[in-house]
Amino acid sequence: MTRRDFSERDIHMALDGELPGEERMAYDAWLEANPEMKAKSTRYIADRAAMRAALAGVMDEPVPARLRQVVLGEAPAKASAWRSRWWLSAAAAVMLAVGGLGGYVAGVDSIARGGDGDDQLAEQAIAAHVTYAAEKRHAVEVPASDKDHLQTWLSNRVGLKLVAPDLAAEGFELVGGRLLPAGEQGKAAMLLYEDAKGERISLYVTAESSETSKGTYAAEAGGPAAVYWLDKGYACAVVGSLPPERLSDVAKSAYGQLLAGISS
Amino acid sequence: MDDKKAAILSEIPRLRRYARSLLRDRDSADDLVQDCLERALVRLDNWQTGESPRRWLFTIMHHLFIDQMRKVNRRGEAAMLPLEAGEAQAAPADQVETIASREIMDALQAISPDRRAALVMVAIEGFSYAEAANILGVPAGTLMSRIARGREELRGLLDDTSRRRSIRIVEK
């Protein structure tokens with residue numbers, strides 16, 4: 001047998017049972033001679049053990065009846081709202097991965113358990129945006145020139161202390177706002193912003209919320225998207241047709257300021 | 001009950017484990033399994049007896065998962081604010097986890113979906129490189145690099161977590 005040089009690649013192969021048996025002894029010798037590589041191997045083995053341990057319990061859980069029923073053809077009609085909600089959880093993981101691990105912990109759980117409140121909020125916010133942002137002359141009821149009145153009026157109607165966020169740093173100026181229905185019998189404030197190119201975004205804020213959730217929602221491909229947050233007692237969606245990163249930046253700034261205003 | 005259905009039933013625990021590693025949340029993971037089973041039953045005729053039901057089902061589930069992840073990515077992925085410390089929710093009673101389990105599951109969720117799937121497929125589900133590459137529909141070389149990068153990313157995240165814990169940074 002000819003001696004070959006091993007590399008980090010072989011650590012993975014050895015770990016995954018892909019290293020040819022006849023190379024095993026030479027590999028072990030190489031590992032012993034390379035403490036750094038050995039430490040790496042030891043660590044990967046430990047991480048794998050932790051992963052296996054964390055997931056081991058799943059195999060012992062009783063299979064949920066609904067899964068058995070699908071296979072046995074006894075599946076009850078599934079409510080459409082419930083169907084295929086799992087990807088929201090996946091979405092949360094992707095989104096939170098960007099913000100780092102610290103943000104992840106609660107995110108998936110809160111979104112996965114969210115009912116339809118988040119979809120509903122996002123859909124209403126998008127519908128309002130599509131209807132009013134396209135209006136040139138009648139987009140708002142109260143213009144930005146009357147900002148103080150706008151804020152007081154909307155705060156009183158919606159039942160939240162609303163401070164129109166300053167989005168100048170993101171390139172957006174307040175156009176004005178209007179009052180809209182929300183949910184079953186609630187009210188929502190819509191604040192419309194415009195950038196130098198005439199691109200418009202809207203903030204949709206309501207006190208009608210009993211869920212905690214957050215996410216991104218697009219009613220249709222190519223249409224405006226909503227970045228939304230729901231919390232108990234208030235909910236907010238930022239809607240626009242901006243590139244996702246830009247919409248996300250604007251939304252973060254707007255949400256931070258709204259939250260500061262509401263809790264001030 | 002016919003043999004095919006019995007074979008599918010016996011794979012459910014593994015499908016659930018794989019789904020849980022991909023999605024973490026129990027209900028979401030079971031929803032993914034349910035979508036997978038529904039699709040499998042519609043295509044029961046495509047499955048040749050003698051072919052491993054495990055590989056067939058994992059392939060279906062992986063396609064469902066990756067399709068959705070791509071859609072999610074198109075919707076814009078940077079839309080989340082880091083959660084406030086106070087927002088953290090306790091795991092439900094039936095999902096009691098040790099700190100070590102929680103940390104590794106959190107870290108697993110934070111690595112890219114492609115790497116997560118490749119790593120879990122081999123390290124947890126015990127598929128060979130050839131089988132996993134086949135299920136994931138990628139060349140073996142791609143699979144290997146995803147596994148290697150996945151392991152490295154996971155290690156980095158776990159190190160970050162333990163560092164953060166040891167110096168007790170409270171993020172506000």
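This is a predicted model: local features need pLDDT of at least 70, side-chain atom pairs count only at pLDDT 80 or more; totals for chains, interfaces and linings use all residues.
H1(A) covers residues 8–15 and H2(A) residues 24–33; their axes come within 11 Å and cross at roughly 125°. The two helices are therefore oblique to each other, since an angle counts as roughly antiparallel over 145 degrees and as roughly perpendicular from 65 to 115. The crossing of H1(A) past H2(A) is left-handed.

Chain A also holds an open sheet of seven strands with antiparallel pairing, in the order E1-E2-E3-E4-E7-E6-E5. Its edge strands are E1 (142–143) and E5 (213–218) of chain A, each of which pairs on one side only. E5(A) runs antiparallel to E6(A), residues 225–231, and six bridges join the two. Within this part of the sheet, Ala218(A) has Ala225(A) in E6(A) as its bridge partner.

Two helices of chain A are described against the sheet. Helix H8(A) lies across E1, E2, E3 and E4 of chain A. Helix H9(A) packs on the sheet and touches E2, E3, E4, E6 and E7 of chain A. The table gives the direction of each helix relative to one strand.

| Helix | Residues | Reference strand | Angle |
|---|---|---|---|
| H8(A) | residues 147–158 | E2(A), 172–182 | about 25° |
| H9(A) | residues 244–262 | E7(A), 234–240 | about 150° |

Definitions and conventions. Residues are numbered from 1 along each chain as its sequence is written. Chains are lettered from A and ligands numbered from 1 in the order in which they are written. Side-chain values use heavy atoms; hydrogens and water are left out. Axes are lines fitted to C-alpha atoms, for helices over the stretch in contact, and angles run from 0 to 180 degrees between N-to-C directions. Helices (H or I, at least four residues) and strands (E, at least two) are DSSP runs, numbered from the N terminus. Angles under 35 degrees count as roughly parallel, over 145 as roughly antiparallel, 65 to 115 as roughly perpendicular and the rest as oblique. A crossing is left-handed if the near helix is turned anticlockwise from the far one by less than a right angle, and right-handed if clockwise. Two strands pair if DSSP finds at least two bridges between them. Contact means heavy atoms within 4.5 Å.
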